[in-house]
Every structure is written in structure tokens, then in C-alpha cells.
Amino acid sequence: MDQSIFKYILKHTLKDQIYLIVLTAASMPIVYISLEIPKKIINEAIGGENIPDSLFGYDIDQITYLLLLCFVFLFLVILNGGLKYVINVYRGVVGERMLRRFRFELYSRILRFPLPHFKRMSQGEIIPMITAETEPLGGFIGDAFALPAFQGGMLLTYLSFIFVQDPLLGLFAVVLYPPQIYLIPKLQKKVNLLAKKRVQTVRKLADGVGESVSGVTEIHANDTSHYERAKISDKLGTIYDIRFDIYKRKFFIKFLNNFLDQLTPFFFYAIGGYFVIQGDLSLGALVAVLAAYKDIGPPWKELLKFYQITEDIRVKYAQIIEQFQPENMLEVDLQDKAPDHIDPVKGTLMASNLRYTEDQIVNLVDGANFKIDLGYHVSAVGITGGGKDEIARLIARLIMPSGGRITINDENLARYPEAVLGRRTAYVGSNAYVFTGTVFDNIVYGLKHRPVSTVEYDGQEAVERERAVKEAIASGTTSDDVNANWVDYVAAGAADEKQLTERVFEVLKVTTLEEDVYKLGLNGTVRMGTHDDLIARVLEARAALRERLSDPKIAGLVEAFDRDHYNTNMTVAENLLFGSSIHPSFDIENLSNNDQVIKVLQECNLTQDFLVIGRKIADVMLELFADVPSDSELFEQFSFISAEDLPIFHSLLKRTSEDKFDELANEDRILLLSLPFKLIPARHRLGLIDEALQKRVVEARQVLYTELGEDNEYVSFFDREKFNPAITIQDNILFGRLAYGQARAQSRVGELIRETVEALGLRQQIMTAGLDYDVGISGSRLSLAQRQKLVIARSLLKRPDLLILNEATGPLDPAAEDKIIDNLIDCMKGKGLIAVLSRVELAERFEHTLVVENGRVVEQGPTRELLTSNGSLASMMNDN
């Protein structure tokens with residue numbers, strides 16, 4: 001990257017800067033004339049001197065001349081303002097385009113960083129540099145040449161005007177500029193050094209905060225929050241000291257500027273006034289000079305401010321590009337360019353005197369030599385830290401050798417484009433990354449190399465897309481459409497989306513993730529308008545399950561939803577709503593403060609009953625949990641009231657009674673009403689909801705339904721004939737609640753649902769819905785084992801010629817690991833498979849084995865031969 005920000009700006013915006021300077025130069029004569037006109041108005045039009053008899057063949061008098069000059073002045077103001085508007089907007093456009101380019105280039109460079117660099121540079125440092133720290137560059141880039149040209153031109157115009165009126169006054173106008181030009185850079189230099197130090201300290205603060213977020217579990221587990229806060233407080237104190245020093249120096253510079261700025265008017269009033277009295281200078285000229293000098297102040301201050309900003313930006317730019325130029329970055333062409341034809345990766349992989357170090361001191365791989373036939377399945381074993389991990393990453397070309405080389409058919413692996421390795425090989429590590437999105441998005445991620453087909457836009461969307469492409473090109477970023485179809489069906493061995501889904505199911509089976517995805521689908525929701533066939537089939541499954549549950553032997557396992565009957569296995573809230581909340585105001589925690597619900601309770605005369613029940617529940621909870629430790633699990637499992645709220649309810653009961661509910665404060669009323677909504681008669685068995693009250697709740701249900709309407713934004717009502725998008729597929733099939741007190745009800749009903757799904761051939765459709773499951777940020781909604789399986793499935797979907805597993809199955813339990821390893825060996829028949837193993841006994845399943853010790857391959861060859869040779873592998877097997 002260019003070391004000078006000005007060089008970087010000119011490299012990409014030279015024509016734009018020239019255009020801005022031309023516009024700026026064009027505005028200067030207008031500014032000068034607009035200074036001259038007020039002088040003519042005062043001396044000639046108002047003073048009555050030198051008034052022309054006619055203009056353009058028309059006779060004029062003094063009033064006409066005055067109005068004409070005033071309208072000329074107004075026209076010049078409008079013209080000058082219009083030019084300023086055009087200049088400012090164009091400066092903004094240039095700045096934002098360059099900021100977009102700069103950020104894109106920085107992000108692109110991140111993608112070429114050597115992986116070890118991320119061990120020394122955290123996300124907390126990188127992200128602010130691309131986002132917050134580059135933000136001031138946008139405004140500066142547009143101003144880099146246009147602003148000093150414009151403000152400098154304005155300054156020179158005003159000074160020229162003053163010199164024309166009186167050279168001595170002109171001299172006084174500029175006499176104090178040299179001291180400012182000399183002193184301010186001296187003072188600013190120290191401010192720049194402090195600014196650089198501040199930026200570095202803020203990055204350390206961001207790194208510290210990021211580390212705390214990542215390690216928050218350890219902070220809680222070890223009670224180190226005070227220590228961590230002390231560390232952050234120390235960094236904040238350092239930043240405060242630096243900023244305080246900056247403020248003192250910056251405001252001293254400002255004080256100096258203001259003081260020197262006010263000396264010049266002193267000379268104008270004293271000497272200019274003397275000349276007017278002596279008759280050597282007209283009053284109009286002095287007024288014009290004072291007006292011009294008043295207008296000099298803003299350009300001069302803008303230039304001084306620009307100088308300070310320039311120095312600050314230079315520091316920021318230099319620090320940013322310093323961090324984005326690490327050694328051993330991947331070459332641009334290796335990442336961006338793709339050969340016209342990509343051949344399969346086959347043949348012989350050979351490592352010669354391979355070395356790798358991250359600190360130039362310790363060789364993690366130290367002169368390793370090995371040879372692998374890429375048609376074989378090869379395991380790599382050794383102790384952790386012995387170099388096997390680094391060898392796997394070197395083979396995957398994720399890190400570059402410090403010495404020696406790896407070749408495939410005598411071609412240096414270091415020269416292979418990513419387009420070849422990313423499509424024909426696959427790598428999975430022990431802590432594989434899952435991106436935010438759906439299961440399907442993550443599985444097909446390895447197929448998104450380039451846009452496969454474009455989106456056809458119509459009307460206004462087409463216009464917007466065309467504009468977006470032009471802006472992307474003008475900003476030097478990619479114009480690829482993120483909304484295009486990026487999935488390469490051919491790479492997955494599919495012709496269309498249907499075949500791709502079938503291929504996804506195949507790799508899910510290999511990685512034993514099939515059952516997980518089925519459960520994710522079964523316990524997930526489906527939006528209306530998607531999976532219409534599945535929705536219809538779910539209703540079939542509901543009817544089939546209802547028929548099976550009609551058997552008297554199992555009928556008691558589930559209490560079905562019925563609009564006309566109270567369900568004793570649901571909460572009072574669920575019975576009242578008879579649906580699922582789709583708005584926070586109708587969540588169970590908020591119902592006691594929901595105006596519409598309170599209105600229905602009052603209309604149905606239920607408010608008093610609910611308050612009585614709420615008070616009784618509170619009384620029971622206080623009696624049962626008064627002596628229970630606040631951190632006990634019993635609160636979460638059985639209490640209606642949290643440990644923190646017990647004292648609040650204790651105080652509430654003391655100051656209230658059942659015969660004085662009318663006097664309750666609104667806060668107390670909300671607290672008492674919140675408790676009955678959580679009550680489940682069949683589970684809690686407190687005898688507080690009798691049959692009569694149940695009927696009244698059902699009546700209130702009908703009132704609330706009428707009040708809200710069937711299609712509303714608050715509650716998705718239960719309907720026996722309709723699919724409910726607010727509840728899971730499983731709950732839609734069940735359409736009821738498991739009965740409390742029934743032995744093994746959950747497992748028995750679960751098996752009934754499974755049998756129903758299988759009988760209707762619905763499993764694959766539910767799995768398809770499971771592919772739409774949102775995995776959360778970085779896959780946080782999946783278990784570690786599920787994430788590993790998902791990424792292995794991703795690697796298989798693109799049908800690689802070489803699959804590299806770097807302890808990828810290590811996080812799995814032994815039985816699951818054995819199963820997946822066997823499946824992978826079978827799936828990769830005739831192709832290359834290199835697996836770094838955490839369990840040495842798994843090596844017996846592979847044709848060849850490398851034994852890695854102290855950064856070297858000490859043994860290699862057919863696994864069976866090595867096991868019978870009494871060498872390192874045999875010894876490791878025996879020790880195990």
C-alpha cells in the first residue's frame with residue numbers, strides 16, 4: 001500500500017481532484033466581485049458619486065442604480081452558494097468512494113494475512129481499524145486538495161482585495177501569519193505524537209474488552225471480575241491522561257490563534273480610522289476592508305484546522321497501513337485469479353526438507369520429508385505439539401513453509417491458486433468455524449466460489465442495481481451481486497436445487513448429522529409461504545396422530561387443544577390466549593401489564609379472582625421457599641417467584657389484604673396478577689382453578705379472540721384445521737399438551753410422532769425444514785460435535801480430490817468418531833484422505849501412516865508394515 005496518504009489519494013482520484021480545483025478556481029472571481037459590489041453600493045449608489053447616466057442604453061437614476069447593484073450582489077451570492085454546494089457534494093462523493101475503497105482494500109488484505117499473524121493481532125484490534133479508525137479518512141480524502149485550494153483561494157482573494165484598497169492595511173492583515181505558520185507546526189508535532197499513542201492505547205483497550213468477552217466464562221468461574229475491571233480501569237486511566245494532555249496543547253494552540261487573530265482589527269481601527277479622518281481612505285473602502293477581513297478569519301481558521309486534521313490523519317493512515325502489511329502475505333493473483341480449467345488434484349505429494357517456524361527461533365516442523373500418493377488414505381499420528389498439526393496445515397497450504405517445499409507432481413504447492421485448492425481440496429480442523437446463518441447456508445458455503453448466475457431485475461430495482469454497479473466500480477470494490485446465485489451445483493454433482501438437497505442429505509448421512517437435522521426440523525418453526533407441501537403434510541400427520549391417540553390405552557398421554565374446553569396441562573396464560581404469542585407484549589411475563597388482556601379480565605369479571613389466586617400463590621411460595629438458599633435450583637424448577645423477588649412479595653402481602661384489593665397500587669396489582677398466568681392445574685395441583693373458573697377463562701378466551709381478530713400481530717391462535725407458524729412442527733403434529741403424571745409420556749408420545757412421520761414418508765421434508773435452522777452467531781446454537789460434523793459435511797459436498805482432517809473428529813465421543821472415520825474412508829475411496837488423529841488406534845483403519853515426532857516424520861509407510869516393525873507406531877500402539 002502507498003506509504004503516503006496524499007499519494008494514495010492522487011493515485012485513485014487525480015481527475016476528481018483536478019475537477020474540484022477547477023470548480024474552486026472558477027468561484028474565486030465571483031468572490032472578489034461580491035466584495036467589490038458592497039463598496040460600490042456605499043460609495044456610489046448611496047453616496048451619490050460616479051452614478052452612470054445609463055446602462056445598456058437605458059437611463060437610470062440613483063435609486064435604480066442602487067437596486068441594480070443590490071440585485072447583482074444577490075445574484076452573486078446565489079451563484080457562489082450554488083458553486084459551493086456542488087463542490088461540497090462532489091467532495092463528499094469522492095471522500096465516501098475512497099473510504100469505501102480503502103476499507104475494501106483493508107478487508108481484502110485481511111483475507112491474505114498469514115494465519116499466524118492472527119495469533120499476534122486480535123479481532124479487537126482489527127475491527128476498529130477498518131470501521132471507526134478509517135471513518136475520519138472519508139471526509140479528509142474529499143477535502144485533501146479541494147479544501148486547501150478553496151479556503152486558500154478565498155484567503156488570497158480577500159487579501160488581494162484589501163491590498164487593492166490600501167497596501168498598508170494589506171500588510172497589517174498578513175503581518176501576523178508568519179508567527180502562526182512557524183509556531184503551530186511546532187506545537188502540533190507533540191499533539192501528533194500523543195494522538196499516535198492514544199490510538200495504540202485504544203486498540204489495547206479494545207483487545208482487552210474482546211478478551212473479556214471471549215473469556216467471560218472463566219471470569220465468572222474464577223471470580224476474577226475485580227481483577228479484569230482493574231485492568232480495564234488502568235487502560236482507561238492511561239487514555240484519560242493522554243487525552244488530557246492533548247486537550248491542553250490543542251486549546252493552547254487555539255488560544256494563540258484567537259489572540260493573534262484579534263490583533264489585526266486593532267491595527268485596522270487605529271490606522272484605517274486615521275486614514276479616513278485624514279481623507280486618504282474612503283469610508284466605503286474601510287468598511288469593505290473590515291468586511292473582507294471578517295471573512296478572512298473563517299478561511300484561515302479552516303486552513304489551520306485542516307493542517308491539524310491532516311497531521312492527525314497522517315498518523316492514523318500510517319498506523320493502519322503498518323498493521324496491514326505483515327510479512328508473507330498471500331499474493332493477490334493466487335487469491336483472485338482462477339485458471340480457465342481446473343484439473344483434479346492427483347498424483348504424488350512430496351515434502352522436501354520442510355521447515356516451519358512462527359518466531360524464527362523454534363522450528364515447529366524441522367526438516368520433515370515425506371511422500372504421499374494422493375489416491376491413498378493416510379493417517380498422521382504423534383504427540384500434541386510434535387508438528388503433526390502444522391504439517392496438516394502446510395499440506396492444506398493454510399500456512400507457508402519457512403524452508404523446504406511441498407510439491408504435487410513436482411509443482412510447488414505454494415504456487416497453486418486458491419481457486420484450485422479451494423475447489424479440489426478440503427480441510428477441516430479441530431475447531432471448525434460455522435458462519436452465522438442456516439444449516440443449509442453453512443453446508444453449501446464451500447460451493448460459493450464465484451456467481452454462477454445473475455438475478456434478473458425489473459423496473460426500479462434494475463435502475464438501483466445499475467447504479468450500485470457503477471458506484472462499486474467507481475469505488476474500486478467488487479461489483480459482484482451478493483444476491484446472485486453463488487452455489488456451484490456442478491461442483492456438488494447436482495444439476496438443480498432438488499438434486500443439491502439430495503446431495504446434502506447424502507453427506508449428512510456420512511457425518512451422522514442426519515438425525516440432528518431431523519430433530520432441528522421437528523423442533524423448529526416454519527414460516528408461512530415456505531415449505532407449503534410440508535405444511536399440508538404436517539396437517540395430515542396431525543390427523544393421523546389424533547386417530548392413533550383415540551386408542552383408550554394411550555388417549556390419556558395427550559390433552560388435545562380444543563377451543564371450547566380448558567386444557568389443564570397448559571398455563572392459565574396459554575388457556576386464555578389459546579395460541580402462541582408473536583409479540584413481546586403478549587409474552588407470559590408481560591400479560592399482567594397488557595391493557596388488552598386486563599380489559600378482557602375486567603369485562604369477564606375475572607380480575608378479582610385472579611388477584612385472590614395471585615395472593616394465595618404468593619403466600620404458598622413464601623411459605624415453601626422462605627428458607628431455601630437463593631442459588632438453589634428449586635426456584636427455577638418449582639417456584640412462581642424468583643429468589644430476588646421473594647422480599648418484594650413478602651412486603652406486598654404484609655401491606656395488602658383480600659378485602660382491600662380496590663386500594664392496591666398499580667405496581668402491586670401487576671405483581672399479583674402475574675402469578676395466576678403461570679399456573680398449570682394438572683402440574684401444580686394447588687386447587688385454585690376449579691371447573692367454574694375454567695369455564696369463565698374459556699369465555700374470556702372467546703372475548704379476546706373477538707377483540708384481536710383471527711389475523712393479528714399479537715397472537716397466533718390454535719386452529720385444528722390450520723398450521724400454526726408460531727409453534728414447532730412437532731407441536732403442530734401433536735396439537736396438544738403432554739399430560740402430567742403419565743409414566744414415560746414424553747418418550748411414548750415421541751415414538752408415536754416418529755412412527756407417524758415415518759408412515760407418511762414425512763421425514764425427509766422435515767429434514768429439509770431442519771436445513772433452514774438458524775445456527776446462531778458463529779454456530780452458537782449448535783453443540784461442538786454438531787459444528788464439527790457440519791463442517792465435515794461442508795467439505796464433502798464439494799467432492800474434493802483430497803480431504804485433510806486435522807483432528808477434525810477429535811471433539812466427538814469415541815463411538816461417533818469411529819463411525820464417521822469409517823464412513824469417510826468409504827466415501828473417499830479412490831481419492832486422497834489425510835487424517836491427523838488424536839487417537840492412535842484409529843491409524844489401523846488407514847492404508848498408510850506418518851509418525852511425526854519433534855517436527856520430523858520419523859516413520860512412514862503402509863500401516864500394517866509399520867505395526868509389525870517394532871518401530872514408533874508399534875510402540876505408540878502398545879503404550880495406548
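The model is predicted, so local features need pLDDT of at least 70, side-chain atom pairs count only at pLDDT 80 or more, and totals for chains, interfaces and linings use all residues. Residues are numbered from 1 along each chain as its sequence is written, and side-chain values use heavy atoms, with hydrogens and water left out.

Strands and helices were assigned as DSSP runs, numbered from the N terminus (helices: H or I, at least four residues; strands: E, at least two). Two strands count as paired if DSSP finds at least two bridges between them. An open sheet contains 6 strands in the order S8-S13-S14-S5-S15-S16. Its pairing is mixed. Strand S8 (425-428) and strand S16 (856-862) are the edges, each pairing on one side only. From one strand to the next, the twist averages 15°. Axes for such angles are lines fitted to C-alpha atoms, for helices over the stretch in contact; angles run from 0 to 180 degrees between N-to-C directions. Strand S15 (residues 848-853) runs antiparallel to S16, with 6 bridges joining them. Glu-853 has Arg-856 in S16 as its bridge partner.

With strand S3 (residues 348-357), S6 pairs in the antiparallel sense over 5 bridges. Leu-349 stands opposite Ile-408 of S6. Strand S7 (residues 411-412) is also antiparallel to S6, through 2 bridges. Here Thr-407 faces Asn-412 in S7. S6 and S7 form a hairpin with 2 residues between them. In the turn, Asn-409 has a positive phi of about 55°.

A search of the whole structure finds 31 salt bridges. The criterion is a side-chain nitrogen of Lys or Arg within 4 Å of a carboxyl oxygen of Asp or Glu. Accessibility classes are buried (under 20% relative accessible area), exposed (over 50%) and partly exposed (in between), with a 1.4 Å probe and protein chains only.

Glu-466 and Lys-470 form a salt bridge at 3.7 Å, N to O. Both lie in helix H16 (residues 459-475), 4 residues apart, about one turn of the helix. Glu-466 is partly exposed at 48%; Lys-470 is exposed at 54%. Arg-696 and Asp-609 meet at 2.9 Å, N to O. Arg-696 belongs to helix H27 (residues 691-708) and Asp-609 to helix H22 (residues 607-625), so this pair ties together parts that are 87 residues apart in sequence. Arg-696 is partly exposed at 26%, and Asp-609 is partly exposed at 26%.

The salt bridge of Arg-655 and Asp-668 has an N to O distance of 2.6 Å. Because Arg-655 lies in helix H24 (residues 646-655) and Asp-668 in helix H25 (residues 666-674), the pair ties together parts that are 13 residues apart in sequence. Arg-655 is partly exposed at 48%, whereas Asp-668 is buried at 8%. Shared partners join Glu-515, Arg-754, Glu-758 and Arg-763 into one salt-bridge network.

The whole-structure search finds 0 disulfides, defined as pairs of cysteine sulfur atoms within 2.5 Å. Cys-70 is partly exposed, with a relative accessible area of 34%. Cys-604 is buried at 17%.

Ile-63, Leu-67, Phe-71, Leu-74 and Ile-78 make a nonpolar surface patch of about 530 Å². Patch residues have over 30% relative accessible area and no salt bridge; like charges are joined within 9 Å, nonpolar side chains (Val, Leu, Ile, Met, Phe, Trp, Tyr) within 5 Å. Areas come from the Shrake-Rupley method with a 1.4 Å probe; for residues, only the protein chains shown count as cover. Ile-78 lies in helix H2 (residues 62-110). At 57% relative accessibility, Ile-78 is exposed.
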